[in-house]
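Work through these exercises with the sequence and the model open. Try each task before reading its solution.

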Amino acid sequence: MTTLASIGRPLNVLLVEDDADDVELTRLAVARATSRVSLHVVGDAESCLAFLRRAAEDAAAPPTDLVLLDLNLPGHGGLHVLGAITSDPALCQLPVVILTTSSAAHEILAAYRLRCSSYVTKPFDFERFVAVIDRVLDYWTTIAALPSLHEETPTASRGNAR
Amino acid sequence: MDQRPEPYAHWLRLVGYTAATAGVLMGISVLIAWWGEIDTVKSIMPGFATMKPNTALAFAAAGVSIGAAVRGGAFHESRRAPSRTARGAAAVVAIVGGATVLEYLAGVDLGIDQLLAVDDGPAAIYPGRMAPATAAGFALLGAALLTMHVRTASGRRPTQWLILPVAANGYLATLGYLYDVESLYRVAPFGSMAVHTALLFVVLSVGFLCVAPDNAVARLLIGQGAGSLLARRLLPAVTFAPPLVGWIRLAGERAGHYGLPFGLALFATSNVVIFAALVWWTARAVQRADDDRAVAMRELESANAALERSNEELNRFAYVASHDLVAPLRSVHGFLELLQTEYARQLDERARGWITRSMEGAKRMQVLIHDLLSYARLDATGAPWVPVPLDDVLHEACRHLDRSIAESACSVTADPLPVVLGDRTQILQLVQNLLANALTYRGDAVPSVHVSSQRIGDECTCRIRDNGIGIAAEHHEEIFQLFRRLHGRTTYPGTGIGLAVCRRIVTRHGGRIWVESAPGEGSTFAFTLPASTDRTA
């Protein structure tokens with residue numbers, strides 16, 4: 001089976017997070033992780049969807065392997081972004097991992113009902129947060145088969161889908 | 001001293017006493033009249049039937065019985081049997097009435113008719129013997145007085161209906177005198193019921209109904225609903241107005257002032273006027289009560305809506321707090337942690353100490369927010385009640401606390417515990433909080449905790465006893481208050497929310513929680529929860 005680890009390309013991660021402190025902490029945690037990661041950050045729902053759709057249309061752009069999505073976003077919340085991704089035929093194959101401080105039952109259920117790939121609550125301690133991030137990234141790098149590695153080249157019709 | 005939930009209840013008491021007094025006074029007066037030969041008291045009007053000595057005796061006894069029953073509290077605790085006086089007097093009534101009925105039915109003379117006084121009135125078949133209707137009335141009245149506390153399994157009081165024929169009998173005979181219709185008060189060829197006998201039967205029947213406030217009639221009369229209002233206003237008028245109007249009509253007709261058709265018209269018109277006025281008066285009162293109720297209903301609905309809104313707001317607040325308060329705190333803690341690890345070499349001992357303190361502060365605040373939220377959410381997150389085996393709950397709580405139990409080498413023991421009814425998550429939290437407290441506030445001895453339980457009726461009382469530091473009596477109440485702590489943070493950790501959560505959980509389940517403790521003697525936390533009925537023993 002082809003995994004990222006086997007072809008030697010870094011994991012392209014899109015972090016959707018509006019809080020600058022959280023972005024910084026997540027960057028630092030990702031830097032400490034064992035996996036090779038190329039991290040791109042967007043701060044709101046609109047730029048997230050715009051980024052993903054642009055990448056889907058442009059064959060030359062590096063594919064996004066994984067989305068780390070915070071639920072507490074300005075304007076439309078993270079659940080809205082998740083819904084938009086999973087209901088878009090061009091984006092619905094993307095693995096989306098919810099990364100948030102909330103552990104409210106209704107949000108966990110809502111996120112899985114919208115078919116998120118997994119729901120991860122950020123630990124309070126940075127040390128444990130690093131450990132969690134490391135394991136999540138390691139899983140998607142060395143264990144999971146990524147849809148981005150098995151995609152046919154995008155056709156014009158798919159590009160115009162939305 | 002008396003608890004009177006119904007404002008009209010004391011009227012019943014008053015009427016009961018009045019009827020009883022009337023019976024006693026009239027009975028004694030008539031007896032004296034027999035011995036003193038006072039004819040007007042015996043028969044009221046010359047030529048009318050006399051009230052017989054036995055009748056007078058029975059009325060006096062009935063009056064005593066009703067008076068004693070009202071006084072003896074049969075009024076308030078209607079399940080209780082009437083007092084000995086009440087029952088003794090009632091027995092006299094029943095025996096006098098029953099024996100006389102027997103005399104009539106069996107055609108025997110028991111020699112009781114002239115026991116008290118000799119009847120020297122106009123010749124009669126049975127001198128001194130009361131009328132058959134009177135005798136039957138006493139037999140029923142006596143039986144009703146003797147058995148008024150008897151209830152069926154469903155709480156009904158069948159014997160109260162014995163009083164109905166008594167009242168009807170007296171009412172009919174009174175009308176007979178009022179309208180001068182002999183057949184209504186006399187069963188030929190026997191003697192007549194005297195006019196005051198007839199009236200007293202009506203009065204005592206009313207008095208009887210006042211003894212037991214939970215009989216159908218009395219309950220309706222003293223209630224506060226629209227039906228009771230209706231009954232209070234209409235029942236007396238319905239009972240007394242038509243006979244009085246009829247009497248006026250009859251008197252006028254007999255005096256020759258007008259003929260039958262005019263009399264009938266007068267009768268009909270008077271009744272219509274009286275009842276139309278009464279209905280109008282009553283209907284307005286009922287309407288007003290209805291309007292008040294509608295207003296109260298609207299107020300209740302809006303209060304309910306406000307409550308729902310505030311509950312929703314609390315939920316929203318709880319969510320916002322859980323995310324928006326914790327997120328920046330997490331950043332503070334995270335960067336401090338980074339400072340501590342990345343720059344440890346550049347910082348001196350003092351700076352590292354300050355960083356450690358700041359991190360502890362952030363951590364404490366996170367715990368505080370978490371605990372406060374779990375307290376605030378207790379009401380909003382209520383799950384449906386299910387049978388919860390306390391054994392399982394205790395095991396699970398121990399599993400969650402196994403690290404602190406192992407660290408303190410604490411021994412946790414328990415009796416077989418019952419199944420209670422409630423929200424499982426909350427009951428687990430309750431037990432776990434109390435157990436955690438027992439581990440936290442331990443003394444110098446090796447900690448040991450014992451859980452026991454006792455079921456009383458529909459309630460289980462659970463006790464968690466420890467051998468910890470104990471609590472002085474003056475703090476037994478305040479420890480259940482939010483943020484209330486008896487010790488500094490450095491001595492014993494905690495946010496001061498745990499016991500407040502416990503109290504709220506127990507209160508939500510309709511139970512109580514308290515502590516039995518003294519300093520140095522350990523503490524026993526006790527709480528009650530509803531017992532589950534489907535215990536598979």
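**Exercise 1. Cysteines**

Decide whether A:C116 counts as buried or exposed, and find how many disulfides the model holds over all chains.

*Solution.* 
- Step 1: A:C116 has 7% relative accessibility, so A:C116 counts as buried. Buried means under 20% relative accessible area, exposed over 50%, and partly exposed in between (1.4 Å probe, protein chains only).
- Step 2: B:C410 is buried too, at 10% relative accessibility.
- Step 3: The cysteine sulfur closest to that of B:C410 belongs to B:C398, 8.3 Å away, too far for a bond. A disulfide needs two cysteine sulfur atoms within 2.5 Å.
- Step 4: The count is zero disulfides over all chains.

The model is predicted: local features need pLDDT of at least 70, side-chain atom pairs count only at pLDDT 80 or more, and totals for chains, interfaces and linings use all residues. Residues are numbered from 1 along each chain as its sequence is written, chains are lettered from A and ligands numbered from 1 in the order in which they are written, and side-chain values use heavy atoms, leaving out hydrogens and water.

**Exercise 2. The interface**

Describe the contact between chain A and chain B.

*Solution.* 
- Step 1: Count residues. Chain A gives 22 and chain B gives 17. Contact means heavy atoms within 4.5 Å.
- Step 2: Take the area. About 1700 Å² is buried between the two chains, with 57% from carbon and sulfur atoms. Buried area is the accessible area (1.4 Å probe) that two parts lose on being put together, summed over both.
- Step 3: A:L25, A:T101 and A:F124 supply 41% of the area that chain A buries against chain B, more than any other three residues.

**Exercise 3. Salt bridges**

*Solution.* 
- Step 1: Count. A salt bridge is a side-chain nitrogen of Lys or Arg within 4 Å of a carboxyl oxygen of Asp or Glu.
- Step 2: Take B:K363 and A:D125. Their closest N and O atoms are 3.7 Å apart. B:K363 sits in helix α11 (residues 349-377) of chain B, and A:D125 in the loop between β5 (118-121) and α6 of chain A. Helices (H or I, at least four residues) and strands (E, at least two) are DSSP runs, numbered from the N terminus.
- Step 3: B:K363 is partly exposed at 30%, whereas A:D125 is buried at 18%.
- Step 4: Take B:R330 and A:D22. Their side chains form a salt bridge at 3.0 Å, N to O.
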